[in-house]
Every structure is written in structure tokens, then in C-alpha cells.
Amino acid sequence: MILGNLASSVGNVVGDITGLNKPSKNTITGSVVIVKKNVLDFTAVHSTVADSLFELLGNQVSLQLVSAENTDHANENGGKLGKLAALEYWNLTYTPLLAGDDSLYKVSFEWDEEFGIPGAIILRNNHTAEFFLKTITLENVPGEGRIHFICNSWVYPDRRYKKPRIFFSNKTYLPHETPAALRKYREEELQVLRGDGTGQLKTGDRVYDYALYNDLGDPDKGADLARPVLGGSARYPYPRRGRTSRPPSKTDPKTESRLFLPTILNVYVPRDEQFAHLKLSDFIAYNLKGLVNQIIPLLEAFVNYTPNEFDSFKDVDNLFFNGLPLPTDLINQVANNIPLEMMGEFFRSDGQQLLKFPVPKLIEADRSNPFAWRTDEEFGREMLAGLNPLLIQLLKEFPPVSNLDPQVYVNQDSSITKQDIEYNLDGLTVEEALSRKRLFILDHHDTIMPYLQTINEYTEAKTYASRTILFLRGDGTLKPVAIELSLPKMEEDKIGCVNKVYTPAEHGVEGWFWMLAKAFVNVNDSGHHQLVSHWLNTHAVLEPFVIATNRQLSVVHPICKLLHPHFRDTMTINALARELLINANGIIERTFCPGKYSLEMS
């Protein structure tokens, strides 16, 4: 027994000396997919040269494994950290020239059994320029095989961050299921994304924080451009947007100062929320034509000698068939006021310097009948196939009733009668049409009425609240059978209304009244689509969820992974909309009838 113990002890000593008793060390290889900044931005050539020089000086892109299994007391019980490893052959790896093409790099990590399975990777960019990190893949990890990290994030130079960037493996954990070794890093990452609520946020920051809509007005340019702060008050409790914390305006400390061309494209949103290169080009292409009357007043004066209105239907046709010619001196002024990347989308490439809009299919199909849009059939078809069909509702009660607050409003129900519509119901009575589900309504009464008096008195627009009754015909088309237009009328201390019902007519004064009634319905429908169905229900409503998700749900949370694809580009397009579209005297205010009250109404 003594000899056996002695032999065992000697064996242990020899094992320590030879290293046979030490945990076996292995190498884990990995691949890293990156898009360099100069691939997306040709003006960043200088950064490429600087990065190459930094590589030669030893300032490399380094990665460090974080254990998901074993903690380190010296690391505040966070996961054990592996040794630093650098991306290999940065200067020798081919960099593609086309936007969207990737560069593939190799990396090798030291690993031993005591480390366990990696669950995260800390990455430090010691170069001078940011790059877009797409994925990291570890191969042949003992006990695990391949581990994939989906990153899809811009990584700025490490000196820009208070804490180095960390990326978690492509696994999901509820908070209580998160491995103990990763909880510290999970919470630290959320703290970074929440920020501390102070300071102006700048390009490259990753902070998701809330702010009120106090960036729509421009009171420094005049009282007519001042707008109320939306959100945070009894009258306007909502909405919320992403915080930028630009300095306040000079004349109103509650209103945030504004950006101007060409810096508008630099409005702050967290870097990973910004448009991709191709998406930015699409945004410019689709929206810049709407800026014709915004860039400089001279352009507006040239485009239309009677601003804010068309002189004839020929003026409308010219938008589609001939375009708008712009003189050379005007082009030079425009070029000095918009970013370079916008120029290619703003002017035609054939040298004719025209602004031209696509021809509507209805007109393109029959150039000999430019008024085909006036028929009731086309009115119903466009309503159903157009921008706002979900607002068409099955009519369940006749006549239609209002849901406005009876403490404020009185006598708001419809005055449309059976006699107004039954002769257009293909032989059915109103009761039969209702029971067979063939009567529908497009109701813009309750939405418009609360703002109608303000719009008509304090803006250039004049409009009505409207209700449109539609009949489903045997051929499956919708036919308008009555339109009710309403104006507000004070009845003691409550708001009542005066209704006028119009029915289909083709000739004489009644025909023109009917056409105008349909026009007012289209005005209301297009405005409701843009301000409520579109801006409010798809853009404004979603932004607080984008912010809350990033502040409260870690990237490894399963709900975060499910929601993230649906959030793409939302914060950026909302921020640009507040600068270009829904701002004071912006495109929305100038083209929709609520005017300066558009966002309050929304």
C-alpha cells in the first residue's frame, strides 16, 4: 500500500512537470463576416489607409470568448474570459468594391476544458473607422459543435464606448433561464442601450430613450411655425419618439431646435436603426419629388405661378406627361442646398432636367378619355383598391349614428333617409340590403368634426365631415348611393351640425354637386389614410415599442428576436418624417386639409 501511494504521488509529480495533468488546451477556429465602411461610403478611403496602418502597429480588431458555463469571482461572477485573439490578415484580405459585399476573416482562440462552452464574444475595434459586423461563427467547439453569432451591428472604434461591444450566441433565454455566467453581461448591455438620460446623442451612439414630440415646430423662424408639444399633457398625452436631445430653440425652450439641409440625413437614431445603403437611396428616390416646393422658395415660384393650386387640368397632366423644366440657375441653387447623394434622384439622367411623375394607369390605358376618373364606378373602385380600404365598414345600423362624446356634441347622427338611397339598391329595401350585408359606409364624420371649425376658420382649406353610403352590386363592385357632408353648428353650449345629403347625378348643377361631394370624400379619405391609418397606426404607434423592446428585452430574449425584424427602419423613417414631412409647414401640412392641425388631429 505504501509503495502504491508512493508510486501514485510520484506519478502526480511527473504529471505536473510534464503537463499531463493540466486541462488539455485546444484551438477553436472561427470566421467573422464584416462589411467595411469604405464599401458603403466611397468617401471613407482615408479610413481604410489609417486602419491598415493601425494593423501594422498592432492596433487590431480583437475578440475574446466569454464562457456561458463557468463564472469568475474576479470578474464580478461574470463568465470566464478567454485570451484575446485578433482577426487574421486584415490587410491581406480582399475588400470588395460593391456595396453589400462582405469580407471574410479568420480568427483562432485558445480554449481548455475549464473554460466551458462560449456563450458570448467581446469585440474591440482598435481601428479608426467603424465597420458593419454581420456574423461570427465558431467551428468544432468541444461538446457543442458549431456556435453561430448573428450580430448585424455597426461597431465603432472602441474608444467611443464606455464598455466594449459584446455579442451573444444565437440562443434564446428568458431572464430566469439565462446562464449565471451571462447575466452580468446581459444586464450591462441593457444599461448601455438605456443610457443615462443626459447629453445630446450623436452618430454612433446606441441609446434608446424617450422624448415628446417637441421637434415639429420652428418658432425661431416665426410664430406661425410654432407648434404645441405633443405628449406628456392632459390634452395631448401621446405620442413618444426617440430622444435626440438637440439644444432647445432660442424663442421657446420647450421646443427642440431643428436640422436643415443637408444635415437632415444625420438626424440621430441609434446607429443600428439607420437605413441601410440601398434603403437610403430608395427613401431619397420616393420622397424627394415631394420636396419640390420645400427646397427653396424660388423653386416654388417657378413651378407654379399661382402657388398652392392648379390653374387647369392641363397643369395636372403636365406632372405626368411633360414634367417640369427647371432653369440652370435654379438647378445650381438647389444643388447647393441638398446633399450630393440626392442629386442623382432629383434630376433625370438624360440631361433634360425634368421632374416627372408616373402616369396613373387609368389615364395611361385610355389617353382619349382623361376624365374617366369621374364615374361612380371608378370612385368605388379606387376607394376599394386604393390607399385606405380598411376604413370601409359593413353598415349595421341605419341611419348611421355618431360616437362623439354627448357631453360635448349633440345631434351628430346622420340625416340620410331611406328615400335618399332605396331607388339605387337594385330593387331592395334598406332593411333587405342590411340583412344581406350589401350596405357599407365610409365614415369620416367623427374623425373630422372635432377639428372642422378650426380647419375652416384658421387654415386656407375649406372642407366638410363626410359619410358615404355604398351599395354592393351584383357584379361585386361598390356603388356610392349617398354622400352626407356636415358642418359644425353651436347649439347652446354644445356642438351640433348641419347636414346636407347628395345623391348620384350625371348632368346639370346636381351632377357638379355630386362630383364635388365625391371630391370632399376623397380629400377626407386621403387625409385620414396619411394621418391616421398610415402615420399614426403604423409609424407613431410602433416607435415606443421599438424603444421599449431595446431598453427592456435583451437580444437573447425570445420575444426580442421575434419583434426585431418588424422594427426595421421604423425609427429612421419616423425621424426623417419629423424633419421633412410632418413638421411645421412641411409636406403634410401643405398638402392635406387639416394643415397646421394635422399632427394634433393624428
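**Figure 1. Burial and surface of the protein chain in the predicted model.** Of the 602 residues in the protein chain, 45% are buried. The accessible surface of the chain comes to about 31,600 Å², and carbon and sulfur atoms contribute 56% of this area.

**Figure 2. The open sheet of five strands.** The strand order is β14-β15-β16-β17-β18, and the pairing is antiparallel. The edge strands, β14 (392-394) and β18 (494-502), each pair on one side only. On average, neighbouring strands of this sheet are turned by 30° against each other, direction ignored. In general, strands of a sheet pair through backbone hydrogen bonds, in either a parallel or an antiparallel manner.

**Figure 3. Pairing of β14 with β15.** Strand β14 is joined by three bridges to strand β15 (residues 439-444), and the two run antiparallel. Within this pairing, L394 stands opposite F440 of β15.

**Figure 4. Helix α11 on the sheet strands.** Helix α11, formed by residues 376-385, lies across β14, β15, β16 (465-472) and β17 (478-491). The helix runs at about 80° to β17.

**Figure 5. Helix α15 on the sheet strands.** Helix α15, formed by residues 508-540, lies across β15, β16, β17 and β18.

Note on methods. Residues are numbered from 1 along each chain as its sequence is written. This is a predicted model: local features need pLDDT of at least 70, side-chain atom pairs count only at pLDDT 80 or more; totals for chains, interfaces and linings use all residues. Side-chain values use heavy atoms; hydrogens and water are left out. Buried means under 20% relative accessible area, exposed over 50%, partly exposed in between (1.4 Å probe, protein chains only). Accessible areas come from the Shrake-Rupley method with a 1.4 Å probe; for residues, only the protein chains shown count as cover. Two strands pair if DSSP finds at least two bridges between them. Helices (H or I, at least four residues) and strands (E, at least two) are DSSP runs, numbered from the N terminus. Axes are lines fitted to C-alpha atoms, for helices over the stretch in contact, and angles run from 0 to 180 degrees between N-to-C directions. Contact means heavy atoms within 4.5 Å.
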